[in-house]
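Here are my notes on this entry. Please look over the sequence and the model before reading on.

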Amino acid sequence: MKDLIGLSKEELQNEIAAIGEKPFRAKQLWQWIYFHGETDFTKMSNFSKPLREKLQQNYFISRPKIVTEQQSSDGTHKWLLEFSDGERIETVYIPEEDRGAVCISTQVGCAVGCKFCHTGSQKITRNLNACEIVAQFMVARDAYGEWPSPTNETRYLSNIVVMGMGEPLHNKAEVFKALKILSDGDGIAISKRRITLSTSGIVPHIEAVAQELGVKLAISLHAPTNEKRSAIMPINNKYSIEQVLEACQKYQAVMGMSRMITFEYLMLKDFNDTPEDARLLISLMKKYKLGAKFNLIPFNPWPGCDFQPSSNNKVHAFSKILEQAGYEAPIRVARGQDILAACGQLKSKVSS
Ligand code: SAH
Ligand code: SF4
């Protein structure tokens, strides 16, 4: 028995051919799975009874087990999901004014080991496969009753941010495969302009985000100098700020300058939050001539981590300096505080 979720269109065609069916059946099946969200072969009304039985004998359409589900007073919704081997990850839905983003995880744990990140303190257990990545979005869509896939802009689940647990570019093949499925126009159909992949800066794969996928790019920068960045992000010893920004230039050469790159910047008290740090960031952006905007992230403390969040005054002053230089620099609003759920600060072990 084989799970059909996470197979590419081509792989699904091969499966259908293997059970002796015509190629158009693969197209119909794709629509049942990803447009209608159907998990039950017996409800696939345009299939004959023998075909439904054949599918049932060979395949299944899975959802991961929902271990817990919590909803915050601000509408943030968090699922703790468990896969067949018992490994668990979190998925979060973050509502925005007229729509919302689903924040998906790509690994169980993370090998990058950033000092401020709870996921990083859990080390890496394993990569998620395309099935497990796609299924996170499907669980959220089940919960909001958004099947069949809405075609208008009023849907709740309009965006995807790859900012959950794990480093997506350490699991490039499965993440790319999953994002191609999620953006496919015959199924879930989330536009590539509404998908953002966030990376700590795995330089060799950054250009491929443009070349092979065409989704938006966010870089976790968090410091304006190599010395400071290496102190909190060990990956910087392998790929320096300069190398990351050169890779960003390549991304923008493919995507066009208007496709802004978001630089995420965690505001850590007495570490990276002075006006001088802001000015250094501006020089970096000017030097590399990037179409860039910033996202200033309030640090979310967790037990065992020594950092503290910067004061509101400092964060606002920092934002103002960047904005005066012509860069958007909104301060991210902390979401789902009452259920310990905000994208990028997922805490499965603490909260479960
Ligand atoms: N590995 C990828 C994507 C997942 S992390 C990356 O690092 O970009 C997503 C975002 O959450 C990153 O910008 C990360 O720096 C941020 N983050 C991690 N720990 C955090 C914390 N304790 N408080 C606030 N943001 C955090
Ligand atoms: Fe991994 Fe991103 Fe956390 Fe760093 S911030 S440890 S790259 S998940």
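1. A pocket, on a 1 Å grid over the protein atoms alone, is an open set of points where a 1.4 Å probe fits, with protein on both sides within 12 Å along at least five of seven lines; lining residues have an atom within 4 Å of a point. The largest pocket is lined by 32 residues. Nearest its centre lie Glu-96, Val-161, Met-163, Asn-295 and Arg-332.

2. This is a predicted model: local features need pLDDT of at least 70, side-chain atom pairs count only at pLDDT 80 or more, and totals for chains, interfaces and linings use all residues. Residues are numbered from 1 along each chain as its sequence is written.

3. E13 (292–298) gives the most to this lining, 5 residues. Strands are DSSP runs of at least two residues, helices of at least four, numbered from the N terminus. E9, E10, E11 and E12 (261–267) each supply at least two lining residues.

4. E10 (residues 195–199) is mostly covered, with 5 of its 5 residues buried (under 20% relative accessible area, 1.4 Å probe, protein chains only). Ile-195, Leu-197 and Thr-199 point one way; Thr-196 and Ser-198 point the other.

5. E10 runs parallel to E9 (residues 157–162), joined by 3 bridges. Pairing requires at least two DSSP bridges. Val-162 stands opposite Leu-197. E10 also pairs in the parallel sense with E11 (residues 216–220), over 4 bridges. There, Ser-198 has Ala-218 as its bridge partner.

Key:
Chains are lettered from A and ligands numbered from 1 in the order in which they are written. Side-chain values use heavy atoms; hydrogens and water are left out. Buried means under 20% relative accessible area, exposed over 50%, partly exposed in between (1.4 Å probe, protein chains only).
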